[in-house]
Amino acid sequence: MSLYTRLERRLEEQSDDAGAVRGTYSSGRMLMIWLAANLVVTTLLTGTLFVPDVPYGLVIALIVGGTIVGAAVLVAVGAIGTRTGLPTMALTRGPFGTRGSLLPVAANVVILMGWSWVQAMLAGISLDYIVASLTGFSSPVLFAVICQTIVVILAIFGHAGVARVEPWFAAVILAIAAYIFVVSFTTFSPADFAAITPNPEPFYSPGLVFDVVLATAISWTVLAADFNRFARTTRGGAIGSGIGYTLSTVISMSLGATAIGYVVLSGGEAIPFDPVTIIEPFGALFAVAIFLSVMATNTMVVYGMVTTVVNAIPGRRVPFLATALILGAISIIGATFFGLLAAFTTFLVTISALFAPIFAIMIVDYYLVKRGAYEPDILRPTGGRYWYTGGVNWIAVGSWAVGAILAYVWAYVWPLPFGATVPSFLVTFVLYLLLSLPGRTRDRFAEARNLSDTVDAR
């Protein structure tokens with residue numbers, strides 16, 4: 001047996017799968033998981049996008065409001081994971097069909113790849129700042145490639161260890177957040193922040209701010225069932241994820257808005273989504289914390305991307321090591337595309353356009369059409385209740401296409417003052433419900449249960 005084969009077998013044994021599990025985590029543990037998950041630099045830097053285009057006080061209000069609305073979607077999808085024991089992408093087989101689910105799976109891989117590129121760039125910029133301050137040598141692209149290469153290696157061999165230390169990095173971010181808030185509000189008063197002069201030609205409007213905050217929640221909802229299927233009870237998972245996500249997002253984004261406000265009040269240039277802009281006034285230790293946090297989070301992103309592809313087709317597992325090497329190589333090459341940072345808002349809006357309709361369909365299908373239960377057929381590779389027409393539910397695919405197109409139109413062609421995410425979500429919700437009601441009346445009633453019980457019985 002070759003070294004490659006032995007390594008492949010070892011990784012297959014250790015990799016996650018899309019099978020059903022029965023959770024054991026308390027609401028407190030779920031809260032800490034979600035608190036740690038979103039206390040990340042990308043969320044922090046998202047907050048730097050909004051000031052001074054929109055008044056500081058209004059930004060904070062929009063961050064809180066958008067986060068609460070987004071958390072409601074996240075909790076609803078997460079609860080399906082707790083009740084069935086299945087991760088998010090496996091649950092898409094319910095509304096989209098066994099083969100149709102490959103559509104959201106592909107969208108998820110694209111989005112995760114984008115996140116891995118963004119985070120590699122941020123890690124590279126932070127490492128470049130540290131090295132340049134010590135040696136004078138500077139090459140953000142080179143350091144981004146180095147960082148992403150390390151991330152790929154960790155994703156293949158050390159993701160479990162990274163998952164254990166990630167909460168400690170979250171604690172470091174919390175400590176930094178406290179420090180920045182104290183420095184900011186002891187140097188300048190809240191009235192000073194509220195009086196920041198807005199840009200004469202702002203890019204962001206209040207509606208776009210709300211949409212970006214909501215899109216952030218949508219981007220995290222792809223992991224909602226992945227995490228919440230390990231909760232002991234649906235109620236505990238909902239409380240833990242709802243509170244944990246809301247706290248972490250509000251803290252991180254408000255921190256970014258406050259830090260960039262501090263830069264403006266100090267006479268500096270407000271360069272959005274640039275870690276160096278907020279590193280310089282608060283010290284190199286901040287750069288170290290950003291680097292470690294981004295590396296830990298990105299490792300889990302790359303691992304999640306590989307796991308998604310490996311488990312895309314029920315009953316058939318794609319080789320883990322080969323998938324990791326191919327996706328890892330793409331992520332390393334993409335880490336050189338620094339222009340993506342300038343298009344971060346477009347990236348978030350794209351996530352929203354792709355996934356807000358998907359989650360609307362998932363919520364309607366599980367809670368209303370299927371009456372709060374999925375049957376063991378969802379684990380079958382072919383046939384059964386979720387085979388629909390050749391493995392695809394064209395009603396779900398068509399509803400998704402309408403919602404995604406409307407999200408794009410309302411974001412770029414005819415922009416709405418309150419953003420595109422909520423309208424596209426509601427339109428898709430109503431459309432899929434209306435088109436699926438005839439099938440609901442013909443469907444048999446299934447008992448709500450965790451599908452791991454069925455697997456154990458077999």
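Author: One begins with overall size. This is a predicted model. A compact globule of 458 residues would have a radius of gyration near 23 Å, and the protein has 22 Å, so the two values agree. The C-alpha trace spans about 65 × 55 × 40 Å along its principal axes.

Reader: How many helices and strands are there in the protein?

Author: The protein contains 21 helices and zero strands. As for contacts between residues at least 6 apart in sequence, 85% of them join residues at least 24 apart.

Reader: How should I read the interior?

Author: In soluble globular proteins, nonpolar side chains tend to be buried together. Here, 55% of the 458 residues count as buried. The largest nonpolar core has 131 residues, and Phe50, Phe286, Phe355 and Phe359 have the most contacts inside it. Helix α7 (residues 102-135) contributes the largest share of this core, 16 residues. There is also a second, separate core of five residues, among them Leu35, Ala36, Leu39 and Ala170.

Reader: Which residues does Phe50 touch, not counting those up to four places away in sequence?

Author: Phe50 touches Val59, Ile63, Tyr204, Val209, Val212, Val213 and Met253.

Terms used. Residues are numbered from 1 along each chain as its sequence is written. This is a predicted model: local features need pLDDT of at least 70, side-chain atom pairs count only at pLDDT 80 or more; totals for chains, interfaces and linings use all residues. Side-chain values use heavy atoms; hydrogens and water are left out. Helices (H or I, at least four residues) and strands (E, at least two) are DSSP runs, numbered from the N terminus. The radius of gyration is taken over C-alpha atoms; the globule rule is 2.2 Å times the number of residues to the power 0.38. Buried means under 20% relative accessible area, exposed over 50%, partly exposed in between (1.4 Å probe, protein chains only). Contact means heavy atoms within 4.5 Å. A nonpolar core is a set of buried Ala, Val, Leu, Ile, Met, Phe, Trp, Tyr and Cys residues joined through side-chain atoms within 4.5 Å.
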